[in-house]
Amino acid sequence: MTSPPHPASPPGHVDVLIVGAGISGIDAAYRVQSQCPDRSYAVLEARESLGGTWDLFRYPGVRADSDIYTLSFPFQPWTGENSMADGEEILDYLRRTVDRFGIDRHIHCSTKVVAANWSGETARWTVTVEQRGGEGGLRRSTVTCSFLCLCTGYYDYERGHDPQFAGP
């Protein structure tokens, strides 16, 4: 990726607000800009970098549990040699994709959604976000949108699942 995800605060209003910059969020962003080019959008990512699962899990040997052709985008087909790609290859593929299609200019990392409220009167969502800045400070702001698209996946990045089993 030649340019880093957008560091500035997200815009005050966008037509479509996408939460999550992993595979689903990147795909949603591409669909908005290619199929609805007259609509504005932003992608919010709570983590410091895009990639979702593939940015989070960096342990040796991490790879997809299905072929990359199943996970890859139809608008940016996988051209790598390995059909069972490792995590770093997938993350690199995601970075190249957002760079190639200009999606990176719409991604706001270190921006966590903490609340979303719908107003029937204005037909808009008001989304409260916390953005981490330098030295760990938090800045809270709001973004409004007409359509809210949640692409957050199913991992709890702050607290992993810890099942409790009865017995010794």
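What share of the 168 residues in the chain is buried? Buried residues make up 38% of them. The model behind this value is predicted.

**Fold and dimensions**

The chain has 4 helices and 6 strands. From the N terminus on, these elements follow the order β-α-β-α-α-α-β-β-β-β. The radius of gyration is 17 Å. A compact globule of 168 residues would come near 15 Å, so the chain agrees with that expectation. Along the principal axes, the C-alpha trace spans about 50 × 50 × 35 Å.

Contacts reach along the sequence. Of those between residues at least 6 apart, 61% join residues at least 24 apart. The accessible surface of the chain comes to about 9900 Å². Carbon and sulfur atoms account for 50% of that surface.

**Charges and salt bridges**

The chain carries 15 positive and 21 negative charges. The structure holds 5 salt bridges.

| Salt bridge | N to O distance |
|---|---|
| Asp55 and Arg47 | 2.7 Å |
| Arg96 and Asp92 | 2.5 Å |
| Glu130 and Arg140 | 2.6 Å |

Take Asp55 with Arg47, whose closest N and O atoms are 2.7 Å apart. Asp55 has a relative accessible area of 8%. Asp55 therefore counts as buried, since the cut-off is under 20%.

Next come Arg96 and Asp92, joined at 2.5 Å. Both lie in helix H4, residues 87-100. They are 4 residues apart, about one turn of the helix. Arg96 is partly exposed because its relative accessibility is 36%. Asp92 is partly exposed too, at 35%.

The side chains of Glu130 and Arg140 meet at 2.6 Å, N to O. This pair links distant parts of the chain, with its members 10 residues apart. Glu130 sits in strand S5 (residues 124-132). Arg140 sits in strand S6 (residues 138-150). Arg140 has a relative accessible area of 56%, so this residue counts as exposed.

**A loop proline**

Where is Pro74 found? Pro74 is in the loop between helix H3 (68-71) and H4. Is Pro74 buried or exposed? Its relative accessible area is 65%, which means that Pro74 is exposed. Pro74 and Pro168 are 94 residues apart in sequence. In space, their C-alpha atoms are 50 Å apart.

How values were computed: Residues are numbered from 1 along each chain as its sequence is written. This is a predicted model: local features need pLDDT of at least 70, side-chain atom pairs count only at pLDDT 80 or more; totals for chains, interfaces and linings use all residues. Side-chain values use heavy atoms; hydrogens and water are left out. A salt bridge is a side-chain nitrogen of Lys or Arg within 4 Å of a carboxyl oxygen of Asp or Glu. Buried means under 20% relative accessible area, exposed over 50%, partly exposed in between (1.4 Å probe, protein chains only). Helices (H or I, at least four residues) and strands (E, at least two) are DSSP runs, numbered from the N terminus. The radius of gyration is taken over C-alpha atoms; the globule rule is 2.2 Å times the number of residues to the power 0.38. Contact means heavy atoms within 4.5 Å. Accessible areas come from the Shrake-Rupley method with a 1.4 Å probe; for residues, only the protein chains shown count as cover. Lys and Arg count as positive and Asp and Glu as negative; His and the chain ends are not counted. The place of a charge is taken as NZ of Lys, CZ of Arg, CG of Asp or CD of Glu.
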